[in-house]
Amino acid sequence: MALDDQNKSNFKFVGTRPKRPDGIDKVTGRAKFGADSYAAGMLHGAIVRSPHAHARIKSIDTSEAEALKGVKAVVTRADFSKDIKFTSGKDSEDWNVLENVMADDRVLYDGHALAAIAATSALIARDAVKLVKVEYEILPHVTDVDEAMAVGAPVIRKGAPDKSVPPGLHENVVSYYESGHGDVEVGFQEADLIIENSFKTEATHQGYIEPHACLASLGSDGKGELWCTTQGHFKFQKVCAALLGLETSQLRVTASEIGGGFGGKTTVFIEPVALALSRKTNRPVKIVMSRTEVFRATGPTASTSMDIKIGMKKDGTITAGQGTFRLQGGAFPGAPGGMTAMCAFAPYALKNVHQIGYSVMSNRPKQAAYRAPGSPMAAFAVESVIDALCKKLDLDPIEVRLKNASRKGTKASYGPTFEEIGLVECLEAAKSHSHYKAPLKAGQGRGISCGFWFNFGGETAVSLALSEDGTVQISVGTPDIGGSRASIALMAAEELGIPYDHIRCTVADTATLGYNEVSHGSRVTYATGLATIKAARDAIRKLCKRAAEKWGIPEEAVKWEDGHAIPSGPNAGDFEPLSLKSITEKMGKTGGPIVGHFEATPEGAGVSFATHIVDAEVDPETGKTQILRYTVIQDAGKAIHPSYVEGQFQGGAAQGIGWALNEEYIYGSDGRLQNAGFLDYRIPLASDLPMIDTVIVEVPNPGHPYGVRGVGETSICPPLAAIANAVSQAAGVRLTELPMSPPRILAALKAE
Amino acid sequence: MSNIHVNATVNGDEVGFLCDPRETLLDCLRDKLSLTGAKEGCGTGDCGACSVKLSGRLVCSCLVLGAEVEGQEIETIEGMSRDENLHPLQEKFIEYAALQCGICTPGILVATKALLEKNPDPTETEVRYWLAGNLCRCTGYDKIIRAILDTAADMREAS
């Protein structure tokens, strides 16, 4: 391994907790989010949506809407590219996205967009929406995953299944995944106890507080500007250009500050519509979704139905694990059936393991990524069965997990062999944590669970420009969804040896940098961080060259130390160290501007594991669960800014608590969403939660110069199971369906 | 429908604007007065991102009509620090990393300032229940609650 790539371990800036660079903007209201942009001559857009779960559009009459004073344009599917063709599966993702953004001849779910209006005010646009007359022929619908796979279920789209689907399955099964190793039948024969159970989870929404919002401007020459709240403006540029038939480079996209995403802002919804309206009116058009629209028409996570069978010996050794995972992903392909199956048994080193995943379509909104897509549900099912086995065999749940834990060299349940991983360290930290030893009262339960996520690298480009005064401007292409500008500046400070405050990190627009993949897969601190370190090293090479030229010695005879160019040894000569500033202030005359950059697709993301401990109390009268104490233990590889690592741990746990106890998409028999608002879709409040303790475990990732692993997603993997295990102990009955809402707990208690 | 002329005081400044009778105070602050610090997260009074003070009372500005504020005094996040110094709550939120995305932060700061004016020594439970109308999806509230309790202690010591 090149010296360049070895893990660094002595840090001056990394691991400290400086103030975030966007802090003052965000506490004073100055930060500009998606809806905070205005343009001269701007129109307001509003979208016409289907009230039906499944219907054929017989006609759309927009004449009355168009006649309303102030209405400037109406668009329908006819206003988008006709070059995008339907094929099977996710191969036609542009077509799927277009069909979701603007329905063609059928509406596929309650909330599906079918027309849009631009008017001189938001009120007029909304009034005009009500004047659009749509004639529907209502078709049979299905919203439940098991029903959607059953014989006789209405087919959402003929020809949608991809080649992975074996014959004989319902056409709503659009993708199939199967993997494993060993022989599970042999494994089950070796077991002293086998437990088999089925589980269901409802769809949940990412629940970001900022609704989708954008401001678009597009001329008939195909040149456009788009401002929007997004996790990935480069992807939005590419997709919007395709949907509108534009050349990608002619559309410049700027990411606003983003008011939460959690995966849900990795995909376009309103942006192509605003661009189409702008093109038709030659004026800027702003669209801001209402909260109801966010719930009805943007990506919730998949709902699931899962069967798990695990065999265990009396000493706690797991002899075999088998899982079947059915994921409902709305009216389009893409439910993470495969990823769910891959994550399910990943924490454990199993001789015999087998998993199957189905991606299924139904009449619901197109599912979108939500923090470790699929993994939390898989963990809920698998870790619940492991908990039940431990209880039956009277074994300590942490000892059993330690006994079976994946380690370096383990052949993972989904195929590859693990490199350095930190699961054992997480479990050991859990075992010795005061929380695990604290006494419980009657009516209380303690649950633990492990969780796993792959993490991701992805296309990344970073540019690092030096100023004459010795300060540094970093341009990144990954929207900052959790304080990443602070951690990126910390890594640059570490490399360059200059103070954190002398660095400014900006999320650059699409015209400024090469392609950057979306901020997803917990990839930003890993991949953009890695690219920043390499870009800084590129700048350092150039700085050293200037010093070498000044001193008249070879480039190789200069090294960079603590913010200065110095001769690399006594043979190189005796020269006074040159500070970064002393080089940059003369750079115009010594060869021109100095800019470091790096472009790559890093592939060493390094998987991540966590262990959560939770105490819960169940009120047998009301069925209400109170979370009493919560501890998150997770391997971060190396925490760059520990406060924001803790924040990710706490935020993931809180979202998991909501998912486990309250949050669910509720559909009526008419296929309409019944709880499209924060009053009825209840995310955790401050008064619902205790403090959430965190332990940062650091087992360096060999794929990052400082050892960073992504931390954003793994934190939501264990909570569903950990809480289910705590609630099951507290209530004295095993809960197998989420959310564990009061009525469901009361029903389980009554059935007991 | 004809527009209504409204005069009010915002963060100590006299303002006037024309609004449709259906427009909310939040719409007017953002679209007429360019004060975009208050956010619309739901439009139904559930998330608190639009919290402002209206003649001394903490309200969701999405639940107040613009036409209702004639002659009233409004305080928004933009008025929380009126010179180069931040309010102690603002300082502490940055120091404690009590925000991630920051969309709920203006509402939470306005609501918390109102709490500390009423009750300079709240318990953790009191803070949690006071903020039950302000949703945060990123942080799990832990660092927010710690920042508030610590600010309250500092402010008591300073006064």
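In the predicted model described here, the axes of helix α2 (residues 88-95) of chain B and helix α3 (residues 105-118) of chain B come within 10 Å and cross at roughly 135°, where axes are lines fitted to C-alpha atoms, for helices over the stretch in contact, and angles run from 0 to 180 degrees between N-to-C directions. That angle makes α2(B) oblique to α3(B), given that angles under 35 degrees count as roughly parallel, over 145 as roughly antiparallel, 65 to 115 as roughly perpendicular and the rest as oblique. Helices (H or I, at least four residues) and strands (E, at least two) are DSSP runs, numbered from the N terminus. The crossing of α2(B) with α3(B) is right-handed; a crossing is left-handed if the near helix is turned anticlockwise from the far one by less than a right angle, and right-handed if clockwise. From α2(B), B:Leu89, B:Gln90 and B:Phe93 meet B:Thr105, B:Leu109, B:Thr112 and B:Lys113 of α3(B), two residues being in contact if their C-beta atoms, placed from the backbone, lie within 7 Å. By class, the residues of this contact are three nonpolar, three polar and one charged, with Ala, Val, Leu, Ile, Met, Phe, Trp, Tyr, Cys and Pro counted as nonpolar, Asp, Glu, Lys and Arg as charged, and the others, Gly among them, as polar.

Residues are numbered from 1 along each chain as its sequence is written, while chains are lettered from A and ligands numbered from 1 in the order in which they are written. Because the model is predicted, local features need pLDDT of at least 70 and side-chain atom pairs count only at pLDDT 80 or more, whereas totals for chains, interfaces and linings use all residues.

Chain B is assigned domain 1 (4-79) and domain 2 (88-158), with bounds that come from an automatic or database domain assignment. Taken over C-alpha atoms, the centres of these two domains of chain B are separated by 22 Å. In chain B, 13 residues of domain 1 are in contact with eleven residues of domain 2. Strand β3 (residues 51-54) of chain B gives the most to the side of domain 1 that touches domain 2, with three residues, and that side of domain 1 of chain B holds seven nonpolar, four polar and two charged residues.

Chain A is likewise divided, into domain 1 (3-31 + 457-600) and domain 2 (374-455 + 606-751), and the centres of these domains of chain A, taken over C-alpha atoms, are 37 Å apart. Here 20 residues of domain 1 of chain A are in contact with 23 residues of domain 2 of chain A. On the side of domain 1 of chain A that touches domain 2, α15 (484-496) and α16 (524-551) each supply at least two residues, and α16(A) gives the most, with five residues. This side of domain 1 of chain A has seven nonpolar, nine polar and four charged residues.

Helix α16(A) also packs on a sheet, touching β20, β21 and β22 of chain A, and its direction makes about 125° with that of β20(A). The sheet is open, with three strands in the order β20-β21-β22 (chain A) and antiparallel pairing; two strands pair if DSSP finds at least two bridges between them. Strand β21 (residues 564-567) of chain A is joined to β22(A) by two bridges, and A:His564 stands opposite A:Ser579 in β22(A). A further open sheet of three strands in chain A has the order β4-β2-β6, again with antiparallel pairing, and its edge strands are β4 (106-107) and β6 (133-138), each of which pairs on one side only. Strand β2 (residues 55-61) of chain A pairs with β4(A) over two bridges, and A:Arg56 stands opposite A:Arg106 in β4(A).

Helix α11 (residues 375-393) of chain A packs with helix α19 (residues 719-731) of chain A at an angle of about 35°, with their axes 7 Å apart, in a right-handed crossing. The residues of this contact divide into seven nonpolar, two polar and two charged.

Between the chains, the contact takes 42 residues from chain A and 44 residues from chain B. Helix α18(A) gives the most to the side of chain A that touches chain B, with seven residues, and the residues of that side of chain A comprise 20 nonpolar, 15 polar and seven charged.
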